[in-house]
Amino acid sequence: IYRLINRVFLPTYGTGTIADNSCLGQSARLMAHELTWGGRSDSWDFDNTHYVLNFGSNVMEAHTNHVALARRLSYALTDRNLKMVTFDVRLSNTAAKSHTWIQIRPGTDAAVALAMCQVVMAEELYRGQGEEFLTFCQVTPNPQASTPEKIAALNEYLSPFTPQ
């Protein structure tokens, strides 16, 4: 089937992408977890979370650990009044269960996230615990940069990404 997909179906759409078991399986997801969290397992801590910003994850409908994860999220939403805002192109099952659904255009997730970061930095909403978090972030070429240097670098980088 992969030969048919790669030689007939995908070229019809003008893509050089190759579909095989590694890209249709979990490899991209596992790599994203490793690069983001430092490990390959899901670490959704709904028991200690108060607010979720969800960018297109449809955990109520589709996920590798769908039933257990959806159940934990459902309990957090109902029993603990967890607040969830979902940014998604469509009104998915997860968006429907969220407190707020913000419909975005396809491919604008990064623009929304960068605009949110720009506001956090410009309005100094990171003050307090956010400053402590910055000590662990490498946002400059210098791994020994001070927190004020990191703040300046982030402000400079994020300045063009306004909510407008």
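A residue counts as buried when its relative accessible area is under 20%, as exposed when that area is over 50%, and as partly exposed in between. The structure on the screen is a predicted model. Of the 164 residues in its protein chain, 24% count as buried.

Let me give the overall picture. The protein chain has eight helices and three strands. Going along from the N terminus, the order of the elements is α-α-α-β-α-β-α-β-α-α-α. The accessible surface of the protein chain comes to about 11,300 Å². Carbon and sulfur atoms account for 57% of that surface. As for contacts in the protein chain with a separation of 6 or more, 45% of them are between residues 24 or more positions apart.

Now the sheet. In what order do the three strands stand? The order is S1-S2-S3, the sheet is open, and the pairing is parallel. Strand S1, residues 51-55, and strand S3, residues 100-103, are at the edges. Each of those two has a single partner strand, so one side of each is left without a neighbour in the sheet. From one strand to the next, the twist averages 15°.

Take the pairings one at a time. S1 and strand S2, which covers residues 83-88, run parallel and are joined by five bridges. Within that pairing, you can find Val52 opposite Met84 in S2.

How many of the six residues of S2 are buried? Five of them are, so S2 is largely enclosed by the rest of the structure.

Next, the aromatic rings. A pair of such rings is described by the distance of the centres and the angle of the planes. Searching the whole structure gives two aromatic pairs. One of them is Phe55 with Phe87, and this pair is stacked, at 4.6 Å centre to centre with 5° between the planes. Phe55 is in strand S1 and Phe87 is in strand S2, so to speak of sequence, they are 32 residues apart, and the pair links distant parts of the chain. Is Phe87 buried or exposed? Phe87 is buried, because its relative accessible area is 6% and the limit is under 20%. Phe55 has 30% relative accessibility and therefore counts as partly exposed.

The other pair is Tyr157 and Phe161. Their ring centres are 5.7 Å apart and their planes are at 45°, so this pair is tilted. Tyr157 is exposed, with a relative accessible area of 53%. Phe161 counts as partly exposed, at 28% relative accessibility.

Two loop residues come next. Asn81 has a positive phi of about 60°, although Asn81 is not a glycine. Where does Asn81 lie? Asn81 is in the loop between helix H4, residues 66-79, and S2. With a relative accessibility of 44%, Asn81 counts as partly exposed. Glu124 also has a positive phi, near 55°, and is a residue other than glycine. Glu124 sits in the loop between H6 and helix H7, residues 129-134. Its relative accessibility is 42%, so Glu124 counts as partly exposed.

Last, the cysteines. How many disulfides does a search of the whole structure find? The search finds zero. Cys117 has 38% relative accessibility and counts as partly exposed. Cys137, at 18%, counts as buried, because that value falls under 20%.

Terms used:
Residues numbered from 1 in each chain as written. Predicted model: local features only at pLDDT ≥ 70, side-chain atom pairs only at ≥ 80, totals over all residues. Heavy atoms only, no water. Disulfide = S-S within 2.5 Å. Buried < 20%, exposed > 50% of the residue type's maximum accessible area, 1.4 Å probe, protein only. Pairing = 2+ DSSP bridges. Helix = DSSP H or I, 4+ residues; strand = E, 2+ residues; numbered from the N terminus. Axes fitted to C-alpha atoms, helices over the stretch in contact; angles between N-to-C directions. Phe/Tyr/Trp six-rings, centres within 6.5 Å; stacked < 30°, edge-to-face > 60°. Contact = heavy atoms within 4.5 Å. Areas by Shrake-Rupley, 256 points an atom, 1.4 Å probe, with all protein chains shown as cover.
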